[in-house]
Amino acid sequence: MTDNSELQGFYKLSMEERREILKKATSLTDEEVGTIANTGGLPAEVADHMIENVVGGYTYPLGVATNFRINGKDYLVPMALEEPSVVAAASNAAKMARVKGGFTVTNTGPVMIGQIQVVNVPNPEAARGKLVAKKAEILKKANDQDPMLVSLGGGAKDMNVKVLSSLKGPMVIAELIVNTGDAMGANAVNTMAEAVAPLVEEITGGRVFLRIISNLADRRLVRASAIFDKEAIGGEEVVDGVVYAYAFADADPYRCATHNKGIMNGVIAVGIACGQDIRALEAGAHSYAARTGTYKPLTIWEKNKDGDLVGKLEMPMAVGLVGGAAKTHPAARADIKVLGVKTAIELAEVMGAVGLAQNFAALRALASEGIQRGHMKLHAHNVASSAGATGELIDIVAAKLIEEKKIRFDRAKELVAELSKKGNSE
Ligand code: NAD
């Protein structure tokens with residue numbers, strides 16, 4: 001906490017100087033400053049150039065999910081996140097999916113949309129026609145910005161134009177359709193959108209304001225599916241339970257938000273581990289889920305004629321291997337190596353499979369034993385640790401909390417005090 005958040009020239013200082021100021025302004029202890037200063041697997045000078053006003057780093061645990069078989073290939077999946085039981089659940093779901101061959105995933109290609117907003121257009125419909133007529137010229141201007149992308153087979157491939165009626169009257173929106181290859185593509189697409197804006201103004205006689213990528217990446221979808229053998233997952237009752245859980249999510253946005261959140265547990269954990277723009281992934285997922293005007297699940301669960309459970313996922317997956325943190329963060333580079341993906345679409349496909357696996361694991365737990373049992377076991381370790389337990393004491397306190405069925409911070413504190421006293425006197 002601070003009394004004054006106006007830190008003049010903070011951005012010009014070194015990381016060390018910024019930490020000194022932060023320490024004075026917030027009464028952090030030396031130990032706390034040391035904790036913040038630690039950039040983990042990210043060299044400090046790299047961190048300092050990734051964002052602004054950098055004072056240190058922040059580390060997540062990195063787990064590796066096992067058992068994934070996707071499109072006939074095995075993968076070890078790095079997952080970075082703070083939530084207990086996600087990695088275990090993904091590994092367990094992937095193991096069950098293997099019984100019927102694992103996950104099958106397809107994709108619609110790495111295609112993003114860049115929007116150019118034109119306002120004050122004298123005749124919007126006529127302007128639309130003029131833009132369409134000049135499409136080749138506009139696409140050429142866009143592609144001139146990125147010869148590298150074009151040489152690799154990517155670039156601006158098409159353009160749509162729509163007229164929106166808005167709060168501020170009609171506006172013309174030109175949309176560049178760009179194949180971004182192995183890049184997530186936001187910089188590439190934004191550069192193109194900015195470059196064509198003067199030409200778009202000239203053609204339409206209007207004024208361009210926004211020139212920016214859309215994160216509703218509905219031309220960059222992954223479709224994952226898997227069959228879960230009824231015996232392997234605990235019987236036909238579990239199959240029915242998952243199908244009912246899906247029907248609940250389909251009928252109710254309150255349930256659906258948590259249904260889709262479960263999918264994102266997997267997607268975002270792999271996204272963080274592999275240096276992806278996870279805000280773009282979240283924005284894409286939820287806007288796609290709401291594209292019909294009603295918020296819907298990103299997965300479908302059905303029972304097939306053999307009584308097995310069939311899961312299908314469809315969602316945008318705007319990820320890249322070149323550019324962004326995937327390139328600059330050494331841990332992301334190492335994690336991508338662990339995964340062994342060679343292209344952005346292969347990464348997208350793996351993330352789709354993980355999303356489906358994660359959703360299955362959550363629904364299976366909810367529809368059978370309830371989610372808390374597995375969750376609370378891992379949670380007990382976190383509670384023990386935040387109550388001050390260290391080393392072996394974490395396991396001892398966690399076991400006691402579970403045995404007493406009281407996984408609570410106050411009880412953990414008591415146990416830590418009690419057991420450490422015992423340890424000291426012995
Ligand atoms: P980038 O600009 O760093 O890299 C893309 C460029 O790499 C391409 O334009 C191309 O010239 C080159 N390239 C080399 N090899 C390539 C290959 N095999 N395939 C494709 N391109 C290749 O990165 P980017 O992916 O355009 O942008 C991603 C960054 O943009 C992320 O860090 C993201 O956070 C950020 N961003 C996101 C948004 C958003 O709304 N989602 C907005 C602005 C910025």
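Okay, housekeeping before the tour. The model is predicted, so local features need pLDDT of at least 70 and side-chain atom pairs count only at pLDDT 80 or more, while totals for chains, interfaces and linings use all residues. Residues are numbered from 1 along each chain as its sequence is written, and side-chain values use heavy atoms, with hydrogens and water left out.

Let's begin with the sheet that has the order E5-E6-E4-E7. It's an open sheet of 4 strands with antiparallel pairing. When I say strands pair, I mean DSSP finds at least two bridges between them. The labels are DSSP runs numbered from the N terminus: helices are H or I with at least four residues, strands are E with at least two. Strand E5 (155–166) and strand E7 (207–214) sit at the edges with a single partner strand each, so one side of each has no neighbour in the sheet. On average, neighbouring strands here are turned by 20° against each other, direction ignored. For angles, axes are lines fitted to C-alpha atoms, for helices over the stretch in contact, and the values run from 0 to 180 degrees between N-to-C directions.

Strand E4 (residues 111–119) and strand E6 (residues 169–179) run antiparallel, joined by 8 bridges. Contact, by the way, means heavy atoms within 4.5 Å. Helix H6 (residues 135–144) lies across E5 and E6, at about 120° to E5.

Keep H8 in view, and we'll go to the ligand. There are 21 residues around the ligand, and the closest are Asp146, Asp182, Gly185, Asn215 and Asp277. A residue counts as near if one of its heavy atoms lies within 4 Å. Which element gives the largest share of that shell? That's H8, with 4 residues.

Now some distances. A polar side-chain atom of aspartate 146 lies 2.4 Å from an oxygen atom of the ligand. From the backbone, an N or O atom of methionine 184 is 3.1 Å from a ligand oxygen, and a polar backbone atom of alanine 188 is 3.0 Å from a ligand oxygen. Taken alone the ligand exposes 870 Å², and the protein buries 72% of that. Those areas come from the Shrake-Rupley method with a 1.4 Å probe; for residues, only the protein chains shown count as cover.

On to the other sheet. This open sheet of 4 strands goes E3-E8-E10-E9, with antiparallel pairing. Its edges are strand E3 (104–107) and strand E9 (299–303), each with a single partner strand, so one side of each is left without a neighbour in the sheet. The twist averages 15° from one strand to the next. E3 is joined by 4 bridges to strand E8 (residues 221–228), running antiparallel, and asparagine 107 has valine 222 in E8 as its bridge partner. Helix H11 (residues 278–289) packs on the sheet, touching E8 and strand E10 (309–316), with about 115° between its direction and that of E10. Helix H14 (residues 344–367) lies across E3, E8, E9 and E10, at about 45° to E8.

E9 and E10 pair antiparallel over 5 bridges; isoleucine 300, for instance, stands opposite lysine 312 in E10. Their hairpin has 5 residues between the strands, and glycine 307 in it takes a positive phi near 90°.

Last stop: single residues. Leucine 298, buried or exposed? Leucine 298 is buried, at 4% relative accessible area. The classes are buried under 20%, exposed over 50% and partly exposed in between, with a 1.4 Å probe and protein chains only. Leucine 298 lies in the loop between H11 and E9, and beyond four places in sequence its contacts include Tyr288 and Leu313.

Glycine 340, in the loop between helix H13 (330–339) and H14, is partly exposed at 22%. Its C-alpha is 8.3 Å from that of leucine 76, 264 residues away along the chain.

Finally, arginine 411 belongs to helix H17 (residues 409–425) and is buried at 13%. Its side chain makes a polar contact with the side chain of glutamate 414, at 2.8 Å. A polar contact is a pair of N or O atoms within 3.5 Å; within protein, one must be able to donate a hydrogen and the other to accept it, and residues adjacent in sequence count only if both atoms are side-chain atoms.
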